[in-house]
Amino acid sequence: MSFYQPESITCNGSTFRLFISREQLESRIAALADEINRDFAEKKPIFIGILNGAFIFLADLMRHVSIPCEVDFFKLSSYGDEKVSSGRVTELKDLDADIQGRHVVLIEDIVDTGLSMKYMINRLNEKKPASVSVVTLLHKPDASRHEVELDYIGFEIPTLFVLGYGMDYAQEGRNLAQIYVIEEEPENNS
Ligand code: IMP
């Protein structure tokens, strides 16, 4: 089986170069899963993937989890087709599972301003879980506008637009097996 992992890629007219390789992703994700296995042993956590962006990260992370657990999904939209957050969160799919009294582990691809994560945590707390913990593969600390506690962070990155490994630009690029970063955008001389 071969993964789709070019050195660079053009997506919707913007060029992206390799930023975090599959090897780096694999070893960091295995280490995050070790921490989760240790911290949630005996707690039978329910992992909640935030769609669409978290689907690849969640799938890879869960295959390293060796304790009893469940999975469900919540779907949000905040970026629309742009490279900056719209500042609004739209709820597109609620949970199917009843999480009252359960230990919930939220799985997110990337925390940028923190708006989506803050929304998710408030929304889940209404359902009276025993606890809510947060795992994010990427975090842009300098972009933070909303205070949220992140319990497990894969990589802290500068405030740059990234693509691949589940993350999109106007819905494209999610199928890339590695994470890419946007090259300097061409100057607009008009
Ligand atoms: P926030 O609400 O501003 O923290 O943005 C979080 C959501 O915006 C993520 O779940 C992604 O869907 C999207 N997002 C933020 N930064 C990027 C990026 O650099 N590339 C692709 N999507 C991003």
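How does the radius of gyration of the protein, with 190 residues, relate to what a compact globule would have, and what is its value?

**View 1. Overall fold of the predicted model.** The radius of gyration of the protein is 17 Å, which agrees with the value near 16 Å that a compact globule of 190 residues would have; the radius is taken over C-alpha atoms, and the globule rule is 2.2 Å times the number of residues to the power 0.38. This is a predicted model, in which local features need pLDDT of at least 70 and side-chain atom pairs count only at pLDDT 80 or more, while totals for chains, interfaces and linings use all residues. Residues are numbered from 1 along each chain as its sequence is written, and side-chain values use heavy atoms, with hydrogens and water left out. The protein contains 3 helices and 10 strands (DSSP runs numbered from the N terminus: H or I of at least four residues for helices, E of at least two for strands). Along the sequence, these elements follow the pattern β-β-α-β-α-β-β-β-α-β-β-β-β. Along the principal axes, the C-alpha atoms fill a box of roughly 55 × 40 × 25 Å.

**View 2. The shell around the ligand.** Of the 17 residues around the ligand, T113, G114, S116, K140 and V162 come nearest; a residue is near when one of its heavy atoms lies within 4 Å. The shell divides into 7 nonpolar, 5 polar and 5 charged residues (Ala, Val, Leu, Ile, Met, Phe, Trp, Tyr, Cys and Pro count as nonpolar, Asp, Glu, Lys and Arg as charged, and the others, Gly among them, as polar). Strand 6 (103-111) and helix 3 (115-125) each supply at least two residues of this shell, and strand 6 gives the most, with 4 residues.

View 3. A polar backbone atom of V162 is 2.7 Å from a nitrogen atom of the ligand. The protein covers 93% of the 490 Å² of accessible area that the ligand has on its own (Shrake-Rupley method with a 1.4 Å probe; for residues, only the protein chains shown count as cover).

View 4. In helix 2 (residues 55-62), I56, F57, L58 and L61 are buried, where buried means under 20% relative accessible area, exposed over 50%, and partly exposed in between (1.4 Å probe, protein chains only). These residues pack against elements including helix 1 (22-39) and strand 3 (46-51). In helix 3, the buried residues include L115, M117, M120 and L124; strand 5 (90-93) and strand 6 are among the elements that cover the buried residues of this helix.

**View 5. Surroundings of L137.** L137 is placed in strand 7 and is buried, with a relative accessible area of 0%. Among the residues that L137 touches are L25, I29, F57, E108 and I179, contact meaning heavy atoms within 4.5 Å. The C-alpha atoms of L137 and L32 are separated by 9.3 Å, although these residues are 105 residues apart along the chain.

**View 6. Backbone features in loops.** The peptide bond from L51 to N52 is cis, with omega near 0°, and N52 is found in the loop between strand 3 and helix 2. E42, in the loop between helix 1 and strand 3, has a positive phi near 75° and counts as exposed at 81% relative accessibility. A170 has a positive phi near 50° and is partly exposed, with a relative accessible area of 22%.

Notes. A polar contact is a pair of N or O atoms within 3.5 Å; within protein, one must be able to donate a hydrogen and the other to accept it, and residues adjacent in sequence count only if both atoms are side-chain atoms. Lists of a residue's contacts leave out its neighbours within four places in sequence.
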